[in-house]
Amino acid sequence: MLKRIHHVAIVVPTLEAAWPLWRDLLGLTVTRTATLRNQGVRAALLKAGQDEIELLEPLEPANSVGRFLARTGGGLHHICFETSDIEAEIAQARARGVALIDQAPRAGLAGMVCFLHPKATHGVLIEYAEPREI
Ligand code: CO
C-alpha cells in the first residue's frame, strides 16, 4: 500500500544552478547527493518538512533526462510514492496491465525504485520507492 508522496522530482541544468533557489531561497536542507549512472543523473534530495524534493541533473544531453531538459528547459519530471512493498506494487500494476519502465526494482536515490510508463498514467511519470539504505 502506498504511504505518502515521497518526493517530487525537478529537472535542473546542474545542481549548482539549482542551489540558489531550492537550498538558499526556499531553505530546504540537502540530505543526500549522488551520481546514479543507471538513471543517467546527478541527483539530490532536499527535505521539505516531511516531504522531499529531488533535483535531477542529466549526465548527458542525449539521455532521457537530458532530452527532457532540452525540450522543456527543466521543471517537474516525476512524482514518487513511498511504499513498504515495492514488489507488491509492481505485481499489482502488472496485473492491471499498466505499462512499466522497470520490470523489477532497482537502486535509486530514495531506495529501491520502479517507474511506471507515462503512456499508462496520463503522461505523468510515476515512481514507486521503498526506502532502504543502499
Ligand atoms: Co525520484
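Strands here are DSSP runs of E with at least two residues, helices are runs of H or I with at least four, and both are numbered from the N terminus. Two strands count as paired if DSSP finds at least two bridges between them. With that in hand, welcome to the tour.

What you have open is a predicted model, where local features need pLDDT of at least 70, side-chain atom pairs count only at pLDDT 80 or more, and totals for chains, interfaces and linings use all residues. Residues are numbered from 1 along each chain as its sequence is written, and side-chain values use heavy atoms, with hydrogens and water left out.

**Stop 1: the sheet**

Start by colouring the strands. You will find an open sheet of 8 strands with mixed pairing, in the order E2-E3-E4-E1-E5-E8-E7-E6. E2 and E6 (106-108) stand at the edges; each has a single partner strand, so one side of each lacks a neighbour in the sheet. From one strand to the next, the twist averages 30°, an angle taken between N-to-C directions on a scale from 0 to 180 degrees, with axes as lines fitted to C-alpha atoms.

**Stop 2: walking across the strands**

Select E4 (residues 51-58) and E1: they run parallel, joined by 5 bridges. Show Val8 and you will see Ile53 of E4 opposite.

Move on to E8 (residues 126-130), which pairs with E5 in the parallel sense over 4 bridges. Pick Phe81, and its bridge partner in E8 is Tyr128.

**Stop 3**

Buried means under 20%, exposed over 50%, and partly exposed in between (1.4 Å probe, protein chains only).

**Stop 4**

Finally, select Leu26, in the loop between helix H1 (15-25) and strand E2 (29-36). Leu26 is partly exposed, with a relative accessible area of 45%.
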